[in-house]
Each structure stands twice: as C-alpha cells, then as structure tokens.
Amino acid sequence: MKAVIHNANIRGHEVKTNKNGGKYVLVRYEDETGKPETLVDKDLDRADYYVRDKNMDLYIDIDQGRNFTTIRITDAREVK
C-alpha cells in the first residue's frame with residue numbers, strides 16, 4: 001500500500017549499516033501535530049535532502065506481512 005505524509009518537518013537523518021553491510025538512512029521528522037517519528041529510506045542518494053527544519057512530503061510504501069509491518073520512504077519532495 002502506498003501513502004503520503006504531508007508537511008513532515010524534518011528533524012535530521014542518520015546513515016546506518018545493517019549486519020549484512022547494507023546501508024540505509026534513518027529519517028527523523030515531526031508530523032503536523034508535532035509527534036516525533038522515524039522512518040527508513042534505502043536510497044542513500046536522498047540522505048542530503050533530509051535537512052533540519054525542512055518541510056517535505058514523504059511518499060511511503062507500507063508492506064503488511066504476517067508477523068510485522070514494514071514502512072519505507074520511496075520518494076521525498078520539498079514543500080514550497
């Protein structure tokens with residue numbers, strides 16, 4: 001399932017490495033109500049876009065598995 005998080009206020013990002021050596025970006029943001037959240041973005045090319053206090057629309061993919069749910073950022077666009 002695909003969804004959009006509108007007007008996410010970016011609080012920062014952190015590049016991490018998983019146990020297999022793959023890299024990903026943890027993106028920290030606040031939604032419109034001010035609630036802090038964290039999502040994963042597998043595209044390292046977008047890491048530099050996640051700058052503090054930038055408002056963005058985050059396009060996400062939600063995969064509901066049998067045992068757990070995975071939510072990933074698939075695209076991010078700055079709100080003008």
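This is a predicted model: local features need pLDDT of at least 70, side-chain atom pairs count only at pLDDT 80 or more; totals for chains, interfaces and linings use all residues.

I began with a charged pair: arginine 11 and aspartate 53 meet through their side chains in a salt bridge, 2.5 Å from N to O. The two partners come from distant parts of the chain, 42 residues apart, with arginine 11 in strand S1 and aspartate 53 in the loop between strand S3 (36–41) and S4.

Is arginine 11 buried, exposed or something in between? I looked up its relative accessibility, which is 25%, so arginine 11 counts as partly exposed.

Next I checked what else arginine 11 touches. Leaving aside neighbours within four places in sequence, I find arginine 11 in contact with Arg28, Tyr29, Glu30, Arg52 and Asp53. Two of those names come back in a network of salt bridges that links Arg11, Glu30 and Asp53. I also noted a polar contact of 3.3 Å between the side chains of arginine 11 and asparagine 9.

How many salt bridges does the structure hold? I get nine. I wrote down two more of them.

Glutamate 37 pairs with lysine 35 through the side chains, at 3.3 Å from N to O. Glutamate 37 has 27% relative accessibility and so counts as partly exposed. Lysine 35 is partly exposed as well, with a relative accessible area of 47%.

Arginine 46 and aspartate 41 form a salt bridge with their side chains at 2.7 Å, N to O. Buried or exposed, this arginine 46? Buried, because its relative accessibility is 10% and the cut-off for buried is under 20%. Aspartate 41 comes out at 0%, so I put it down as buried too.

**How the strands line up**

I then traced the pairing of the strands. Strand S1 (residues 2–17) runs antiparallel to strand S2 (residues 23–30), and eight bridges join them.

I marked two facing positions here: isoleucine 5 stands opposite leucine 58 in S4, and alanine 8 stands opposite methionine 56 in S4.

Where does S4 go from there? Nine bridges join S4 to strand S5 (residues 69–78), and the two run antiparallel. The hairpin that joins S4 to S5 goes through four residues. Glutamine 64 stands opposite threonine 69 in S5.

**Rings**

I searched for aromatic pairs and the count came to zero; the rule I used asks for ring centres within 6.5 Å. What does sit over the ring of tyrosine 59? I found the charged end of arginine 77 there, 4.7 Å from the ring centre.

Conventions: Residues are numbered from 1 along each chain as its sequence is written. Side-chain values use heavy atoms; hydrogens and water are left out. Rings of Phe, Tyr and Trp (its six-membered ring) pair if their centres lie within 6.5 Å; planes under 30 degrees apart count as stacked, over 60 as edge-to-face and the rest as tilted. A charge sits over a ring if NZ of Lys or CZ of Arg is within 6 Å of the ring centre and within 35 degrees of the ring normal. Two strands pair if DSSP finds at least two bridges between them. A salt bridge is a side-chain nitrogen of Lys or Arg within 4 Å of a carboxyl oxygen of Asp or Glu. Buried means under 20% relative accessible area, exposed over 50%, partly exposed in between (1.4 Å probe, protein chains only). Contact means heavy atoms within 4.5 Å. A polar contact is a pair of N or O atoms within 3.5 Å; within protein, one must be able to donate a hydrogen and the other to accept it, and residues adjacent in sequence count only if both atoms are side-chain atoms.
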